[in-house]
There are 2 protein chains.
Amino acid sequence: MAAKTKLALPVVTTENREAVGPFLIVCEHASNHFPRTFGSLGLEAEAQNAHVAWDPGALPLARALANALDATLVSAGISRLIYDLNRPPNSAGAMTERSELFEVPGNFALAAAERQRRTDLVYLPFHAALHAEIARRLASGRRPVIVTVHSFTPIYFGTRRDVELGIIHDADPRLAEAVLAEAKARTGLNCRLNEPYSAADGVTHLLRLQATPYGLPNVMLEIRNNLIADDVAVAAMAEGLTPVLTAALDRIGRAAMERAAV
Amino acid sequence: MAAKTKLALPVVTTENREAVGPFLIVCEHASNHFPRTFGSLGLEAEAQNAHVAWDPGALPLARALANALDATLVSAGISRLIYDLNRPPNSAGAMTERSELFEVPGNFALAAAERQRRTDLVYLPFHAALHAEIARRLASGRRPVIVTVHSFTPIYFGTRRDVELGIIHDADPRLAEAVLAEAKARTGLNCRLNEPYSAADGVTHLLRLQATPYGLPNVMLEIRNNLIADDVAVAAMAEGLTPVLTAALDRIGRAAMERAAV
């Protein structure tokens, strides 16, 4: 069984584990690392560094938000091209053959055994670690608010994107709508609900898997990556978004967080 | 961390792992075992053997169905009074203080640390093992149909229950409605939809956690335990329910199983 060949893969890192704030921050596309066991998938350095391999700027922004909000941060340490942790194992996008302008030769016509190996080595341990953080909080009477942090490329298939902050929801729109209202009121960003992607594009798997079963408030944030391209920009974005998230949570009310479970 | 004190607890057993049929059978309340690390929770032998501690007959029935359907079986090895695997960690029912006529002294006013310990030692490994079975099938292009097998007591708080086979669904009623129709057509059982419990009673946590995020067809079966009280009765019930499940799956159509993921 592949599951028994436990490698010391940096699949998941949990920071600020003892944090006591209401938010739990997740960054699935934090890294463009290609561990030796998977190789480079036939990609040149250009593709390995491009937005198709990871979400540039997302990890430093997620970390700054986690620190400002006294939140735990769960992040991935492996490129999304090896396994996209925001996709189920039966999705073509989980181990995609192409992403925007790049083909991924190492993912062409993957055998079932290799899809299972990546599921065992990447998808399952990442989601088990995140599930454990959520379940332990629930066991102690806390209901975490799940916020995933992503970035997107300013130009996609040659077309310029105007949206700067995308706010995406799955079945429960409450927190996303509150974040939209507060972001419009408190920032100068071009904010849009369910842009540049929406649940219909299959981008809410993590929310559906980890937040919805417990009725936890949740939202996916997408920041245009040219706005978080260096440390100064990241710090400014975090400073802008921290009060947005706090005010959004106040707006939906602590009642939503404390909704009694059966 | 409690998670690091890994005990050889019989939290979860997987049988027929290499089975190739479409069903994946789950039995959360299979056992009335009280491992030493948790003790007897202050219960006398009567309570430890009663339906409040487990679902009598459910495991042999689940095993007979798994064999007849060429299905994998995932079952728990610990009493539901230590942790009810069909409840989230923030639910009072996960580590209940009383169940029907029995009080559970060892669960009175549990500290957060003990709730987390049981979550770490029971809830998380069971659900991780089940999640792995589901995810590995998805990775290889199969979409398992999730069937959980439970039993209920004929007399509850002194009242006799007429229902013999309860068929319970969560958000997606397709398979449950098909099972109801086939069970009525093919058996003499008193069959009811969402009796003696329903999702409103919080009994569909496992379906919500493991099946719904992947859009997998799913159903919870509740059999009155006097109908599966010995090996002969179990064999007869399995013989009756096997064609019901197969026909129900045909009824909803393979299309439901093969619904493309994004």
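This is a predicted model: local features need pLDDT of at least 70, side-chain atom pairs count only at pLDDT 80 or more; totals for chains, interfaces and linings use all residues.
Author: Welcome! Residues are numbered from 1 along each chain as written, chains are lettered from A and ligands numbered from 1 in the order written, and side-chain values use heavy atoms, without hydrogens or water.

Reader: How many helices and strands does chain A have?

Author: Both are DSSP runs numbered from the N terminus: helices are H or I, at least four residues, and strands are E, at least two. By that count, chain A has seven helices and eleven strands.

Reader: What is the radius of gyration of chain A?

Author: It is taken over C-alpha atoms, and the globule rule is 2.2 Å times the number of residues to the power 0.38. For 262 residues the rule gives 18 Å, and chain A is close to it, so chain A is as compact as a globular protein of that length. The radius of gyration of chain A is 18 Å.

Reader: What share of chain A is buried?

Author: Buried means under 20% relative accessible area, exposed over 50%, and partly exposed in between (1.4 Å probe, protein chains only). Of the 262 residues in chain A, the buried share is 58%.

Reader: How are α2(A) and α6(A) set to each other?

Author: Their axes, lines fitted to C-alpha atoms over the stretch in contact, are compared by N-to-C direction from 0 to 180 degrees. Helix α2 (residues 58-69) and helix α6 (residues 231-252) of chain A come within 9 Å and cross at roughly 50 degrees. The two are therefore oblique.

Reader: Are α3(A) and α3(B) roughly parallel or roughly antiparallel?

Author: Each α3 covers residues 112-139, and the two axes come within 9 Å. They cross at roughly 150 degrees. α3(A) and α3(B) are therefore roughly antiparallel.

Reader: Which residues of α3(B) does α3(A) meet?

Author: Contact means heavy atoms within 4.5 Å. From α3(A), the residues include Y123(A), L124(A) and H127(A). Among those they meet in α3(B) are Y123(B), L124(B) and H127(B).

Reader: Is R36(B) buried or exposed?

Author: R36(B) lies in the loop between β2 (23-27) and α1 (45-49) of chain B. With a relative accessible area of 83%, R36(B) is exposed.

Key: Angles under 35 degrees count as roughly parallel, over 145 as roughly antiparallel, 65 to 115 as roughly perpendicular and the rest as oblique.
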